[in-house]
Amino acid sequence: MTRTRLETNFVRLLEQCKTIANNGKHTEWRFEKYIATLEEQLIELKKSPMQPPKDVLDDYTKSVSFLKGLTITEKLPSATDKVVASQFLSPCSSPYGDTVSKEIRHKVAAQYSNQVRDELLTSKQPLANESISTEKNQEFENPASTLRQRKTELLSTVKPSAPTAHTQDFDAVIGSEQQTQEEITKNLLSMAKTMKEQTMAANSIIRQDLITLEKSNMLADENQTNLHAQTQKLQERSGFCTRCWVWLFLLLVCMSFIAMIVFMRMFKKKKTT
């Protein structure tokens, strides 16, 4: 089924929006304008009498919702909320898999995870500076207590320290990202394996068709040669029969002429006196 002009323009704009998001430029103001235009064109496609099939229209709707979700996620105040919201972004499920949308989702999630890590690191640095300054003041005021405190700290460093809540959250985010990355890798490998099997099957089928076509061509050439030989034989036989009939008719004419002359000589008219 051929695409209409409206659907062609919609697909071009959709591919351009995916390219912009894949390059990390979905934070620009024009990206939001493009999404609004996509929504308007999608509504016109649904109202059009020559609309695409239902499954294709569902893929278009999921793609637009996915791209719109990127803009909504980008407007969230904290990086933690962005990480959580990015986990709910679902790319469209086409028959061959929308790898571009999955790659965009992976990149966006990795970007927000880096932002969370940077916020955690920047929040820990002022606390560390304040603790260092207080330790220096206490050491200046009470050296004995400071020495005892350092001794207990050295003894406590021998024991494994329990992870904090921020570290656990960050580890959970990293683990989920690694799991998502492994799933994407497995999907890509399965797709590559499936495409390889389909390509090999198609190659074997094409080879069999070529062999069958060669046999058909050889059989057609052989039939054509036999037909030409039989046509020549038929022409020779038809010419010989024609010549035989002509000579037969000539012989009959000659024999009838001779018989007429003999008959006229044998039965002459009697002369009247």
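**View 1. The whole protein chain.** The protein chain has seven helices and zero strands, and the model shown here is a predicted one. Read from the N terminus on, its elements run α-α-α-α-α-α-α. Of the 273 residues in the chain, 19% are buried, while the chain exposes about 21,400 Å², of which carbon and sulfur atoms supply 61%. Among contacts between residues at least 6 apart in sequence, 68% join residues at least 24 apart.

**View 2. The packing of helix 1 against helix 3.** Helix 1 (residues 5-22) and helix 3 (residues 54-74) pack at an angle of about 35°, and their axes lie 11 Å apart; the crossing of helix 1 past helix 3 is left-handed. Helix 1 contributes Glu7, Phe10, Val11, Leu14, Cys17, Lys18 and Ala21 to the contact, and helix 3 contributes Val56, Tyr60, Ser63, Val64, Leu67 and Leu70. By residue class, this contact of helix 1 with helix 3 comprises 10 nonpolar residues, one polar and two charged.

**View 3. The largest nonpolar core.** This core holds 27 residues, of which Phe10, Cys17, Phe31, Leu38, Tyr60, Leu67 and Leu70 touch the most other members. Two or more residues are given to the core by each of helix 1, helix 2 (29-47), helix 3, helix 4 (79-87) and helix 5 (99-141), and the largest share, seven residues, comes from helix 1.

**View 4. The surroundings of Leu38.** Leu38, one of the core residues that touch the most other members, is in contact with Phe10, Leu13, Leu14, Cys17, Val64 and Leu67, when residues up to four places away in sequence are not counted.

Technical notes:
Residues numbered from 1 in each chain as written. Predicted model: local features only at pLDDT ≥ 70, side-chain atom pairs only at ≥ 80, totals over all residues. Heavy atoms only, no water. Axes fitted to C-alpha atoms, helices over the stretch in contact; angles between N-to-C directions. Helix = DSSP H or I, 4+ residues; strand = E, 2+ residues; numbered from the N terminus. Left-handed = near helix turned anticlockwise from the far one by under 90°. Contact = heavy atoms within 4.5 Å. Nonpolar A, V, L, I, M, F, W, Y, C, P; charged D, E, K, R; others polar. Core = buried A, V, L, I, M, F, W, Y, C linked by side-chain atoms within 4.5 Å. Buried < 20%, exposed > 50% of the residue type's maximum accessible area, 1.4 Å probe, protein only. Areas by Shrake-Rupley, 256 points an atom, 1.4 Å probe, with all protein chains shown as cover.
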